[in-house]
Structure formats: structure tokens, C-alpha cells
Amino acid sequence: MKLRNAFPLLVFVLVALLSVSLAAAQDIPEGIDAAWWSNAAQPYAGTTLRGVSESTPPSNYVRDVLAPMFTAMTGINVELETTSWDQMYDKAIRDMEAGTGIYDFVYIEQDIIYGYLANNYLVNLTEALADMPELAAPGFSFDDFTTFIDYFKDAEGNVFGIPMEAFIKVYLYRTDLFNDPDIAAAFEAEYGYPLAPATTHEQYRQIAEFFTQYAAANGMQMWGTTVQAVSGHPASFYEFFESVVPTFGVYNWGINMENWKATVENGGAMNSDAAKAALEWWVGNLTFAPPEATSSTWDEVAASFAAGRAAQGLVYGENAAWIATDPTRSQVVGSVGVALPPLAEGVLEAAEAGEGYIGYYDGGAFGLPVSSRNMEAALLWLQFVGLPEIQADWAAAASRIVMDSTYDTPQVMAADEATNGYYTLMREQGYLFAGAPPFPFHPQLREVVAPFIYEAIAGTLSPAEALDRAAAAADAELARLGYGS
Amino acid sequence: MRRTRQIIDYALTYGLWIVVAAITLLPVWWMIVVSARSRVELFNAPDLIIRSFYVQNYTDVINNRTFQGYMINSIIISTANAVLVTVLALMATYALSRYKLVGSDNIFFTTLTQRMAPPAAFLLPLFLLFTQLFAVGEGRSRWDLYDSHLGLILLYCVFNLPFAIWLLKGIIDAIPPELDEAAFVDGANTFHVITRIILPLAAPGLAVTLILSWIFAWNEYLFAATLTAFEARTITTGLAEFVTVTGTNWGAMAAVSTLTLIPSVIVVIFAQRYIIAGLTFGAVKD
Amino acid sequence: MRRNRVGWLLLSPTLIILFLVGIVPFIYVLYVGFFEWNLFSSDRAMNFVGVNNYRRLVFDERFLDALWVTIRFTFFAVISQLVIGFFLAQSLLKNFPGKVLFRIVHTLPLMIAPISIGAIWRLLTIPGFGPIPFLLQNWFNIDYNIGRNADQAFLTIILMDIWHWTPFVTLTLLAGLSALPAEPREAAMVDGANSWQIFRYVTLPLMRPIILTVLFIRIMDALRTVDEINMLSNGGGPGTATRTLGIHIFRVVFPQTDYGYGSAMSLLTLYFTIVICWLLFVSLTQLRGSRGNDGGER
């Protein structure tokens, strides 16, 4: 018992020491041709590149470690404005729309790329590098990336963003509870099958119920499951449409991609029986969730789990590493297991056949706005962020992986062990997950549909009624936006 | 009999004000309690006593260069704005009070409407205005109001000036115009009259204007968040970043919030007298 | 005539700033309000639609819902502030040791940034470690969760606003009360009026102008509250229980990038606010005029 707890701690300390020493010394990792970089950057030395990103662990690593490293090598300064999730979009969009040129690089979350492409906000990186071969860095290749880079390509295969983070939303559970023989026996006695990470929604619900009652009986501040159900913030919309509804076999938010319709009458599936069952199940889970669930965005869900207040839950993978390893933030270090989310019948087969997906593959890239005033220098910077040599420490510090080669580095293998296989799961079964559907109107539609989900959470609308009205509102909004009218 | 009544009266007043003070202070105190907690202690049961102080929440913030910059920006912007508003409001109010200007009543109400508009829709035109219209130069040497101290200083005038004029109107109206007439007869010009006669007499009102404008500028969030990026970000935007961004790092957020509070508390303690004196809005004259 | 020119000269910097940073954006919003313009629509164009945006507003359930939330919020918050503030101001008229200290403490919330206020109240009410849900649960067995219960959340934003703004009302009314002439009250006392009668027939009528002023300012600001509610309720939840007009417009204009419709919505809201405030303003200036104006007209 003791040893098992100590091991991840040791790994964490090692990894932390390693990254701290790297950050402090700002050594340029082996394999990078520093001479080429300083030479190529010579005409641009002294310029300052400005970018905007959400303040997440991967972005903070860029700001604190990669930017100084790049500056030391090239003399080009990099300033990264890390702001809130909402603000980031507003600011980037306003800048690019007005063509102001405030930002030389912007964070592009995978779900907004289609809107940016439709509006021609971004520089075609493939073309730019072909046109300016003197700026094409040795050691940088679009082919190094995982298939996640495909989300940032247009129909012809041109790349518009350099992936900088990617992770999947996984099913986390508490190994210390699930592996406890007494608990397992009690569970089996009550439900008639052995306690294990749920594979169906019914099992998931029963496990949640069991642990909620177990915690209440033992005076623990713990509940059966997390729910990312903040009622009023889009985080709840996202958990439902990107992580829950697909496990019931409804994809692309229930929008029919042929005619851009949401209602069942018009060929959509947003208010289909499966979607309604999904919302019913998801909202029903709140009974077995900690009281903060209805105030929880992605961060708070991770915090609840890290505080030991939930036995299982769907958690964004960017948090998996620190929950499992960082004792200054987490009380469940060493007792975190990962698994695929519970699924309805046939969904796994459909996903394996490439006809669906079982959850959310999240991530983002850095792109170069057309309005940038320092395009050449920014192009160098983006390639630097995409060098294989800098990936491993970044992955260990912020649990994000954008290149296959990163999986085999010692840093990531250590982290994989500490998280009981999160990285292995992502590597081997990541293909079952998918990013947001290719909507050029992503936030527009979300804002119209989300309030109905909020109302379902608050209980002012029944799940069925909420989805019926949401689908009707979606149809109206899409027609207004000129899609499939 | 009379004495007992007085004692009861006293007791009631004290009781009332102790309750009011407790209600006022407890939320603030709780914030300080949270600011003393580390991340793993957050979910501990509510406890109003601070048993251990996690200083790192504060030191992390204070030693953070970005945060120091935010603090300096906030000080520059709110001070410059408060001074500008007070000077302009004094001039404007004197004009409104002493001259018969066509449509001056409407001017007054129109200036007030600026404060009534829902802020969100005005962010877009202001952004365009700041980046496209109020811009000089081209390319790298281009300068515009966006992300500049001046931009926010001017913008806050829109909110502070109407309020300031309103506040000062009654005070300047109450200064007998015979005083300026006498000075004019003695050969003084308008500048002299305003600085030598009106200014000293309206000093308490001007102090309030200065303080209230300063506080508004210090506290404003939405416009500062939208119209700045790197150079002119203020402390409130920093606070919002701490909340939305680090999500669950409530301790650090509470620490930032507490730090933001300190200048305001100093202002309250030292300027209390003026604030009360100035809040008459000219509605009561004697 | 020469003197008037000086008057305009003194006024001109104010007018220029207000015009450039205040009126110009307003004209732009007015203009955009006649277009259907969403950055991410399929044609991306600004299409002139006349008053259609305004027509759409009248039937927009979400907008009306937000309007109703805002009106209820403003009504309950401002009325409570006025009653509590008057009561407290009256009690501050007496002299008692420690009065200044209490007054300073009472002024504190006024000085705190709205966004901090939202954060403070969120810390108080957050399920899991906030003291309010904890105490209500332990002492009264009340299940308090503003992420879940719409009525509790709505009540909480009102309480927060009362906490924040009552001091303003108290201080302003106190300033008014201390400036009241003593004679009418003394005369009434000599005539044997009791304290309620003095309050009702002497103090209240004399205080009317200042009460209207306070109402004017508070209503104007309450109708456009965004920062603290947005921070407390994480964007207007649960459901749409605390989604005020300010929050709603923000979401329509920014995440939804529906510039045309959002502009129309803002203008209608502004119009609505102006009407309310104008009524108060007119009754205020008339009251002031009837009390014998000695300073304004010269």
C-alpha cells in the first residue's frame, strides 16, 4: 500500500525536478540546430511577437519555458497574453475580423477552426513554407504530428494550425475504492455483478448510487460521480453534447450534416429518443454527484475529483496527470484509474468502424492570422513550437501529446505509469474519440442551444421538453444564419 | 423613566450597528480566510479562524511581474482619469451653472444617458474606434488608442463625467454668483475666478468627485478587459483571469482580490468625511 | 454674447470627449441595429433589414425572460436598499460613541470592485466549502445550492446587491437628512405629533428630492449590472434565473457574434432605461423647481 502511493510521488518529483531545471537553465534541447535558427531569424531579431491563448497548463508552459528558449536562440521576443476562455475567442475574432494585427499568432481550439477557415482569418502554413523555403526549419515536419493535425487542414490538405495540445476526455475512477475487497464484496452482494469500471450507462449509474450511499453511511464527503453541469456556463453544454450524447449513439450534436437541421421531423437527431435518454441519464446522475456539480466547469470537475469528492467521473485528460501525481493539488495521488466511458449498445462497434465516436478529443493549435504584421518571424516561432525535440517535457508538464514520437519518451512513459495508463489509452484508443463537428457556426449554435440544457439541469424544463425546444431553436437559428434554409 | 428609555435606545442602536457591521465584514473576512488556504485545504469545513496561513498565495502574486504591471497600470489610469474628470467637470459645471447656454438641461441629461447604456454592445464600436479611427502611423510604428492608458482614461470620462457634473452642480449653484461678479469687477478673468473663488469653496465636492472617479476607474472591468491586451491591462482584469483561468485556484484568487481591496480601504478610511459631505448631489440646499 | 462663448469654451472639452467616445459609438450601434450581421453566417454580409431586429425582439422569449429577470432584480434590490438605507441613515443621525467607525465599515462594500464582489459572494455560497450552504444545512437543515435552485440563486443576487449598494443609499440619505432644516420637525413636535407622524408628514416630503435622486442613480445602475452577477452565477444560471439583460446582451454580441441583433437589443434596453430615468428626472427637476430655485437660472 505504502509503496504504491510512494511510487507516483517519486515519479512526480523526478519529472518536476527535471522540468524545473530545464526551465531554469533554458538549455536548448539536443537535436535543435541553433545555428540555423539564429541565422534564419537574423532579419527579424528584436521584433516582438504577440499571441493570445487560454491560460491552461500547456499555454503557460509556452509562455514560461518555450518563449524564453526561442528568444535566447533567435532574438525574437514572444509575448503571450493568457486570458480566460471566453475572452480569448472574443479578442482573437475581433482582431482578425477588423484586420488590426494585434496578434501575430492565436490559439485555435479545434472546435472554432471551421469558422476561422470559412472567414479566411488564417495563413495557409503549407503554402507559406513552400513559398519561403529559407524559413522552413530543419527538423520540422507536418508529418510528425498525430492525426489530430488533420483537423487543422482544409479540403486540399493544407495546414492552418500547428497543434500544441491534445487530450481526450476520459472516464476516471478511484482505484483505491474500486480495488478494495470489502467494498467490492458489498457491491457485488447488492447488484449481483463484480465491481469494475462501468461499461454501460446502467452500471455507471448503479456504481454512482452505490458509492453515494457508501459514503453517506461512512460519513465521508464523497459522492458517486462528477457531473460537469454548471447551469449557465457552456461547459455543461459541452459535456452533454461532446461526451455524453455520443455514447448514446447521437453524433454531431444531433445536427443532420446534409441539410443542417436538428429536429427529428427535419432529419436531425437533437431531440431523438436516444438524445432524450442521454439527457435524462446525465441529469439523473446529479442525484449522485457532489453539490458543487451544478456549479462545475471543467476545472471544478477536476478539482472535485482531486479533492476525493467523487468515486468516478468524466474528466478532461489535461487534468489526469496532475490529479494522479501532484500532491500539492490533489488528495487522490496514486489512486486514479482510467477507462473508456460507458457506452450504449453498438456505439463501440460504430466507432471502431469509423462511423461514430465515443467521446471528445480536445485540443488546439497555434495559427497565424492573415492580419499579422510579423508573419515571417511568427512562422519561425510556430515551427519552433512544432519541433519534436521540445515535446517530451511539455507533455510531462501539461499532459498533452501532439506527436506519436512523444509517447516513447521516458518522461511520458513515467507519467503513463503514474496515471495507470492514460497515455497508453490515448495512444491506442484515441482514434475512437473525435473533435467537435465541422461547423463554421459553432459558438453561434451553442449559444442558442445551451440555455435549454441549463434549464434541464435546473429542472425548469424536463429533459425531453428541453431537447424538443432546443432542436426547434437550432433549426431556426441555422436558417437565420443561412445554412440549409 | 427617560433615562431607561435612552439606555434601551442606545442598546438598540448598538445592536443594530453591530449586526450591520458583522454582515458587512463577514464576507470580506471569509475571502481573507480562503486566501490563506492552500489548494488541498480548500474543501475543509468552513472555519472562520485562520489556523495556518498559506503565504504562497500572496507571494506568488506579488512577485509576479505581470501582476505588478497590472497594479501600476491601474494606478496610472485611475489617477489620471480622476484628475482629468475633476478638472473637466469643474469647468463644465461652472459653465452650466453660470452661463445661459442653449439646451443646457438637455446636455445634462444626454451626458447621463451614457451611463445607462448596456455596456456589451458598445464594446464593438469602441474597439473599432480605438483601433481604426484614433490611430496614427502605419505598420510597426503605428500607434492607436487600443491597449493604451490614454484610451481607458478617455473612456472612463464617459462614465465619470456625467456623475461628476451632477455631483458638482448643486455645490457650485450654491456658491453665490455675487462673489464671481465682484471678482470680475476687480478685473479677474474666468480662469482666476474658477481657481481662486470657486475651487476653494467647492473643495469638498471636488474631493468627492476625485475619489469617486478614482474608485470607479480602479474597479471597472468589462471595458478594461476588452480594450487592452498587453500594455494597459488593469488589476480587475487580472482578477478575472485568476478566477476563470485557474478555475479552482480559489486561494490565489482570494489573495488577488484582497490585494485589490487594500487601496480602496485606505481611501475609505481617509476620505470618509468628504464622501459623506459630497453625496448630497445638490438635491438639498440650505 | 461674449460671456456665452466663454461658457461654451469651458464646456467644450467635456462635450468633445463625450461626443467622440460616447456619441460616436452610440451612432454606430444605432446603425448596426438595422442590419442582420453575424460574422459566422453563411454569406457573412451585413444585410439591411430595417426594423426587423426590433420586431424580432418583441417575440424573443429569451430577451423577454432576461428583461423580466432584470426588472424583478432591480425592483426588489432597489426597494430593499431604500428601506434599509433610510432606516440606517435615521439611526446615524443620533450621536453615539463609535459611530464613525461603524460608518466607515458600512462604506467598505462601495469601494470594492464589482467583479471582486461577485468573487467574494461566490466564495461564500459555493457548494462544498462556502460557509452559507454549510451553516444553512447544519443549523436550519436547508439545502442551499445556488448552482441548482433558481429561487435561491435569484434571492442571492438580490442580497448581494443589497450588501453592495445599501451603503450608498444610507450615506446619501444621511447627507440629506443632516441638511434638513430643524424647524419643521420641532414645530410638529410642539404640535404633539408622534415620531411616525413626523416621519410621514414632515421628513418624508422634505426628503423627496433626495430619495428620487437615489432611486434614479440606483435604478440606472441596477438595470445594467453585469460583472458581479456574471461572476457569482457563472453566466446567469441556474437555467436562466439570473441571466440579466446585461449578461444576455453580452452573450449575444460576443460569443454569438450576432452584432446586428445584439445592437438592436442594447438600444431597446437603453431606450427602456431612459424612459424610466427620464420620468424620475422630470419629477425630480419639477420638485426642485417648486421648492424655489435660486441657483440654476442666470
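I began with burial: a residue is buried if 20 or more other C-beta atoms lie within 10 Å of its own, exposed if 12 or fewer, and partly exposed in between, with C-beta atoms placed from the backbone. Helices (H or I, at least four residues) and strands (E, at least two) are DSSP runs, numbered from the N terminus.

I noted that this is a predicted model, where local features need pLDDT of at least 70, side-chain atom pairs count only at pLDDT 80 or more, and totals for chains, interfaces and linings use all residues. Residues are numbered from 1 along each chain as its sequence is written, while chains are lettered from A and ligands numbered from 1 in the order in which they are written.

**Entry: helix H9 of chain B**

I looked up H9(B) and found 13 of its 17 residues buried, so I wrote it down as mostly covered. I then checked the length of this helix, residues 203–219. The expected span is 1.5 Å times one less than the number of residues. For H9(B) that gives 24 Å, and the end C-alpha atoms are 24 Å apart, which agrees.

**Entry: helix H12 of chain A**

How many residues of H12(A) are buried? I found nine of nine, in a helix that runs over residues 298–306. Among them are A:Trp298, A:Val301 and A:Phe305, and also A:Asp299 and A:Glu300. I use "contact" for two residues whose C-beta atoms, placed from the backbone, lie within 7 Å. The buried residues of H12(A) pack against strand S4 (162–174), helix H10 (234–244), strand S5 (312–316) and helix H13 (320–325) of chain A. After the helix I came to A:Gly308, with a positive phi near 75 degrees.

**Entry: a helix pair in chain A**

I took H3 (residues 57–74) and H16 (residues 391–398) of chain A, and read an angle of about 135 degrees with the axes 9 Å apart. Axes are lines fitted to C-alpha atoms, for helices over the stretch in contact, and angles run from 0 to 180 degrees between N-to-C directions. Angles under 35 degrees count as roughly parallel, over 145 as roughly antiparallel, 65 to 115 as roughly perpendicular and the rest as oblique. H3(A) and H16(A) are therefore oblique to each other. On the H3(A) side I listed A:Pro57, A:Pro58 and A:Tyr61, and on the H16(A) side A:Trp394, A:Ala397 and A:Ala398.

**Entry: what chain C touches**

With chain A, the contact takes 29 residues from chain C and 30 from chain A.

Which peptide bond did I find to be cis? The one from C:Gly237 to C:Pro238, with omega near -5 degrees. C:Pro238 is in the loop between H10 (227–233) and H11 (245–253) of chain C.

I also noted A:Asn120, which is not a glycine but has a positive phi of about 55 degrees. Its place is the loop between H5 (113–118) and H6 (125–131) of chain A, and with 11 C-beta neighbours inside 10 Å A:Asn120 counts as exposed.

For C:Asn141 I read a positive phi near 60 degrees. This residue lies between H6 (131–140) and H7 (150–179) of chain C, in a loop. C:Asn141 has 7 C-beta neighbours inside 10 Å, so I marked it as exposed.
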